[in-house]
Amino acid sequence: MRLKAGARQPDIGQTVDRAMTAIERDNPALKDVLPKDYARPALDKQRLGQLIDMIGNIRVGDAEARSRDVLGRKFHRGS
């Protein structure tokens with residue numbers, strides 16, 4: 001929720017990097033696997049925020065979502 005709430009903030013890259021670090025800390029099997037370079041200057045933070053807004057509303061836990069390619073459908077439709 002913190003990512004979605006801060007999606008339009010200029011420091012969203014740092015927030016995503018911290019989230020990746022926390023995910024790795026809480027899931028040792030992912031240690032040193034997730035990218036943590038979203039704060040780099042070349043990355044368009046506005047687009048990163050838009051992406052977070054777009055995927056932040058995707059349902060992934062219910063039976064319907066598990067039976068379909070939810071991300072594929074989301075990006076194919078563009079909504």
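1. Buried means under 20% relative accessible area, exposed over 50%, and partly exposed in between, with a 1.4 Å probe and protein chains only. At 53% relative accessibility, valine 33 therefore counts as exposed. Valine 33 sits in the loop between helix H2 (12–26) and helix H3 (45–55); helices are DSSP runs (H or I, at least four residues), numbered from the N terminus.

2. The model is predicted: local features need pLDDT of at least 70, side-chain atom pairs count only at pLDDT 80 or more, and totals for chains, interfaces and linings use all residues. Residues are numbered from 1 along each chain as its sequence is written, and side-chain values use heavy atoms, with hydrogens and water left out.

3. Valine 33 also belongs to a surface patch. Together with Ile23 and Leu30, Val33 forms a nonpolar patch with about 230 Å² of accessible area. Such a patch is made of residues with over 30% relative accessible area and no salt bridge, nonpolar side chains (Val, Leu, Ile, Met, Phe, Trp, Tyr) being joined within 5 Å and like charges within 9 Å. The areas come from the Shrake-Rupley method with a 1.4 Å probe, and for residues only the protein chains shown count as cover.

4. Which residues of H3 are buried? They are Lys45, Leu48, Gly49 and Ile52. Seen down the axis of H3, the buried residues fall within an arc of 100°, so they line one face of the helix; the arc is that of the directions from the helix axis to the C-beta atoms. An α-helix has 3.6 residues a turn, so residues three or four places apart point the same way. Gln46 and Arg47, on the other side of H3, are exposed. The cover over the buried residues includes H1 and H2, where contact means heavy atoms within 4.5 Å.

5. At the start of H3, the backbone nitrogen of glutamine 46 has a side-chain oxygen of aspartate 44 within 2.9 Å. Aspartate 11 lies in the loop between helix H1 (2–5) and H2 and is partly exposed, because its relative accessibility is 36%.

6. The whole structure holds five salt bridges, each a side-chain nitrogen of Lys or Arg within 4 Å of a carboxyl oxygen of Asp or Glu. One of them joins aspartate 53 to arginine 8, at 2.6 Å from N to O. Aspartate 53 is in helix H3 and arginine 8 in the loop between H1 and H2, so the pair ties together parts 45 residues apart in sequence. Aspartate 53 is partly exposed at 23%, whereas arginine 8 is exposed at 54%.

7. In another salt bridge, glutamate 24 meets lysine 36, with the closest N and O atoms 3.0 Å apart. Because glutamate 24 lies in H2 and lysine 36 in the loop between H2 and H3, this pair ties together parts 12 residues apart in sequence. Glutamate 24 is buried at 8% relative accessibility; lysine 36 is partly exposed at 34%.

8. Arginine 40 and aspartate 37 also form a salt bridge, at 3.3 Å from N to O. Arginine 40 is partly exposed at 37%, and aspartate 37 is partly exposed at 38%.

9. Glycine 56 is in the loop between H3 and helix H4 (63–66) and is partly exposed at 38%.

Notes
Helices (H or I, at least four residues) and strands (E, at least two) are DSSP runs, numbered from the N terminus. A polar contact is a pair of N or O atoms within 3.5 Å; within protein, one must be able to donate a hydrogen and the other to accept it, and residues adjacent in sequence count only if both atoms are side-chain atoms.
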